[in-house]
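This briefing is intended for reading alongside the sequence and the 3D structure.

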Amino acid sequence: MIYDLATTCRRINEIDLRESSLLVLPQAFCIPGFWVVTCALARERQYPTENIIFSDDRQRSYASAIGLSACLDEADNYRFDRVNMGINYSPLVCLSDEHATDSASSCVSKWIKSSADANCNGQALSGLLHVVGELHDNVWSHGKSTGYSMAQKWPQGEIRYLEFALADRGLGFKREMERVGKTPSSHAEAIEWCIQEGNSTKHGDNESEWAQRAPEDIIGPTPYGPQTQVTFNQGNHHQGLGLHQLKELVKKYSGQLQICSGDCIYTLDELGQESYLGGIPYWQGTAISCRLSEYALNAYHDNTVEPAVALLIDRLKNAKEGG
């Protein structure tokens, strides 16, 4: 069984919602959506790695390789060279401040570039790199909580996927909208609003786009005068439109998108079908997972062939060769 973001959020009781000092992980194939959610939960509950019960030595070793202990403010317990880092995965990174967020975006972007082959579709690649930066910045600037991100390349049958995921235990979409004066009736409605073109809680913030910015460590009064609005938050570089752009990119290249906030999971599948699953165990904050196949990023999927059709052709070709 594959534990991705949606599975993890639906079955979070199996991981931890009990009054326990132990975090028991499932025996399953766990991909980035699982690890970012688990890391965010473990950090919030202040679990040391010794209180995390892994299903087997392989799972424990992989958690060590991707840097779980470092994200829980412990010493890095991986004793080997990370020869597959930047090739098969980009490790768990803590999005604690602007510098760490920029570093995480750079780390994941380098991994995406290295994972793409020489014939990669440049338009798809540049679009993916752009939304990765958007989402990293939006997590730390809007979530009001430390977040985590990770990326991994993994096979399922004859298809190899590139997956990027991030999660935090912050406000979540509904509370973030309420913070700026909007009143969604449910978490599903909040997710639906946030993935629409042009919608961003950044636009509803009280801070003027013309506000002067002062260094966060400034001592004494600012030089701008009492009549000038001043902010000590350095903000992010992006426009808060990452979710809509991500949805459109995933749809265009026949990928999969999962978004969890509150008691709802939004899913966009390979066929472009959207669904909202409510009534899940409550996730305080936001979790996002984006998955694209290597096929969709290859240049031979030109404008005359839709990615979904090309993916089907590849599946049939591989099935024939295998038979």
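**Contacts of Ile 53**

Not counting residues up to four places away in sequence, Ile 53 touches Leu 22, Leu 23, Val 24 and Leu 25, where contact means heavy atoms within 4.5 Å. The model is predicted: local features need pLDDT of at least 70 and side-chain atom pairs count only at pLDDT 80 or more, whereas totals for chains, interfaces and linings use all residues. Residues are numbered from 1 along each chain as its sequence is written, and side-chain values use heavy atoms, with hydrogens and water left out.

- Ile 53 lies in strand S4 (residues 52-53); helices (H or I, at least four residues) and strands (E, at least two) are DSSP runs, numbered from the N terminus.
- Ile 53 counts as partly exposed at 34% relative accessibility; buried means under 20% relative accessible area, exposed over 50%, and partly exposed in between (1.4 Å probe, protein chains only).
- Ile 53 and Ile 15 are 38 residues apart along the chain, and their C-alpha atoms are separated by 10.0 Å.

**Strand pairing around S11**

- Strand S7 (residues 159-168) pairs with strand S11 (residues 274-293) in the antiparallel sense over 7 bridges; two strands pair if DSSP finds at least two bridges between them.
- Leu 162 has Leu 292 as its bridge partner in S11.
- Strand S10 (residues 256-268) runs antiparallel to S11 and is joined to it by 12 bridges.
- Gln 256 has Arg 291 as its bridge partner in S11.
- A hairpin is formed by S10 and S11, with 5 residues between them, and Gly 272 in the turn has a positive phi of about 85°.

**Nonpolar cores**

- The largest nonpolar core has 38 residues, of which Trp 35, Leu 68, Leu 92 and Trp 283 touch the most other members. A nonpolar core is a set of buried Ala, Val, Leu, Ile, Met, Phe, Trp, Tyr and Cys residues joined through side-chain atoms within 4.5 Å.
- Helix H3 (residues 32-44) supplies the largest share of this core, 8 residues.
- A second, separate core of 35 residues includes Leu 128, Leu 162, Met 177 and Leu 268.

**Aromatic pairs and charges over rings**

- There are 8 aromatic pairs, where rings of Phe, Tyr and Trp (its six-membered ring) pair if their centres lie within 6.5 Å; planes under 30 degrees apart count as stacked, over 60 as edge-to-face and the rest as tilted.
- Phe 29 and Trp 154 form an edge-to-face pair, because their ring centres are 5.7 Å apart and their planes stand at 70°.
- Phe 29 lies in strand S3 (residues 29-30) and Trp 154 in strand S6 (residues 147-156), so this pair ties together parts that are 125 residues apart in sequence.
- Phe 29 is partly exposed, with a relative accessible area of 35%, whereas Trp 154 counts as buried at 1% relative accessibility.
- A cluster linked by ring pairs contains Tyr 3, Phe 34, Trp 35, Tyr 62 and Tyr 89.
- The charged end of Arg 169 sits over the ring of Trp 283, 4.3 Å from its centre; this requires NZ of Lys or CZ of Arg within 6 Å of the ring centre and within 35 degrees of the ring normal.
- The charged end of Arg 291 sits over the ring of Tyr 161, 5.7 Å from its centre.

**The buried face of helix H9**

- In helix H9 (residues 187-194), the buried residues are His 187, Ala 190, Ile 191 and Cys 194.
- These buried residues line one face of H9, because they fall within an arc of 95° seen down the helix axis; the arc is that of the directions from the helix axis to the C-beta atoms.
- Helix H8 (172-179), helix H10 (242-252), S10 and S11 are included in what covers the buried residues of H9.
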